[in-house]
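Let's take a walk through this fold, starting with its aromatic rings and ending at a sheet. Keep the viewer open as we go.

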Amino acid sequence: MPKTHQTKTLIIGAGPAGYTAAVYAARANLAPIVVQGIQPGGQLMITTDVENWPGEVSILGPNLMEKMQAQAEHAGARMFFDVISEVDFSQRPFVCKSDGGDSFVADTVIIATGAQAKWLGIPSETAYLGYGVSGCAVCDGAFFKGKSVVVIGGGNTAVEDALYLTNHAAKVTVVHRREKFRAEKVMQDRLFRNPRIDVLWDTVVSEIRGEQNPKRVTEVLTTNVRTGNESILPCDGVFVAIGHAPATSVFAGHVQMDADGYIVTKPDSTATNVPGVFAAGDVRDKVYRQAVTAAGMGCMAALEAEKFIAAQEDIHNITDLEGPEQAMVSAWD
């Protein structure tokens, strides 16, 4: 039977941003509810070793998310394994409805639904995800010191990733399906000057191959889109860099977004154009896309939600004044 749940702060999404927001909101006595979404833990659930999380030399992505959820629950946040499918931000309190039929009524909302890397969609890509196939060069590049890697893509992300990976890998090969890059010219110039980077034009990766014990990538099968010729390219890792897609479709028309679907927030803030609605993590960050920056924004969002609620309560208290007290407040304003 559908139920209605009320809270001062509703957090939509359960990655580093959502869980951190939950910790801070709970500590502020906002009694937060977290609707976790279809993949609690976000992109870190498909990440193996995480070596750039402060305080952890190395930890598995799923284990880190498990610890963050436990911390949020210990602080007092309530978790709902459900998906928000409808929102109404036209008036406060806000009302969000879930696939399960429940309604969530909230004074403030923190959107932390994250983003997903775009993938090639070939079976072998999924088979080796986390075992040599990655969507984040900054996250996983250090695992390929002195090795050979392939970067797939031709935009800014691909060129940035290729340049970054030269800090670790001995050889980087960029595979691009077209005859020229879409990346900014200055970045292309840097790439072409780097002796560690080769480019395969008019080429796609049609299969990723490897070993099973231990499970690892050893080569890719490439196909020239003009000639149809196939070639084997030995490598130790494959970085898919064809862009990211923010999980914001349910919020379309309700908060301001940019042309790529990322939620727009005010400078140095997580506040959206709707008072009381905040956005944190990869759902609004197309530049860094790191777990630690997402967590930082989750903290910001919770603190801003607390400040917003306090301001609303002050306004309510002022409007409740009568007679001389109201006159004093009006005179002070």
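Rings of Phe, Tyr and Trp (its six-membered ring) count as a pair if their centres lie within 6.5 Å, with planes over 60 degrees apart called edge-to-face. Bear in mind that what you're looking at is a predicted model. With that cut-off, the count comes to 8 aromatic pairs. Take F89 and F94: their ring centres are 5.4 Å apart and the planes meet at 75 degrees, so this pair is edge-to-face. Both of these residues, F89 and F94, are buried. Ring pairs also bring in F251, linking F89, F94 and F251 into a cluster.

Now look at F278 and F308. Here the centres are 6.4 Å apart and the planes stand at 80 degrees, so this pair is edge-to-face too. It ties together distant parts of the chain: F278 belongs to strand β19 (residues 277-279) and F308 to helix α7 (residues 291-319), 30 residues apart. F278 and F308 are both buried.

K215 lies over the face of Y128, at 5.8 Å from the ring centre. The charged end of K215 also sits over the ring of Y131, 5.0 Å from its centre.

Five strands form an open sheet in the order β10-β17-β11-β12-β13, with parallel pairing. At its edges stand β10 (133-134) and β13 (197-200); each has a single partner strand, so one side of each is left without a neighbour in the sheet. The partner of β13 to inspect is β12 (residues 171-175), which pairs with β13 in the parallel sense over 4 bridges. V175, for one, has L200 in β13 as its bridge partner.

And what lies across these strands? Helix α5 (residues 156-165) lies across β11 (148-152), β12, β13 and β17 (237-240), and runs at about 170 degrees to β11.

Terms used:
Residues numbered from 1 in each chain as written. Predicted model: local features only at pLDDT ≥ 70, side-chain atom pairs only at ≥ 80, totals over all residues. Heavy atoms only, no water. Phe/Tyr/Trp six-rings, centres within 6.5 Å; stacked < 30°, edge-to-face > 60°. Buried < 20%, exposed > 50% of the residue type's maximum accessible area, 1.4 Å probe, protein only. Helix = DSSP H or I, 4+ residues; strand = E, 2+ residues; numbered from the N terminus. Lys NZ or Arg CZ within 6 Å of the ring centre and 35° of its normal. Pairing = 2+ DSSP bridges. Contact = heavy atoms within 4.5 Å. Axes fitted to C-alpha atoms, helices over the stretch in contact; angles between N-to-C directions.
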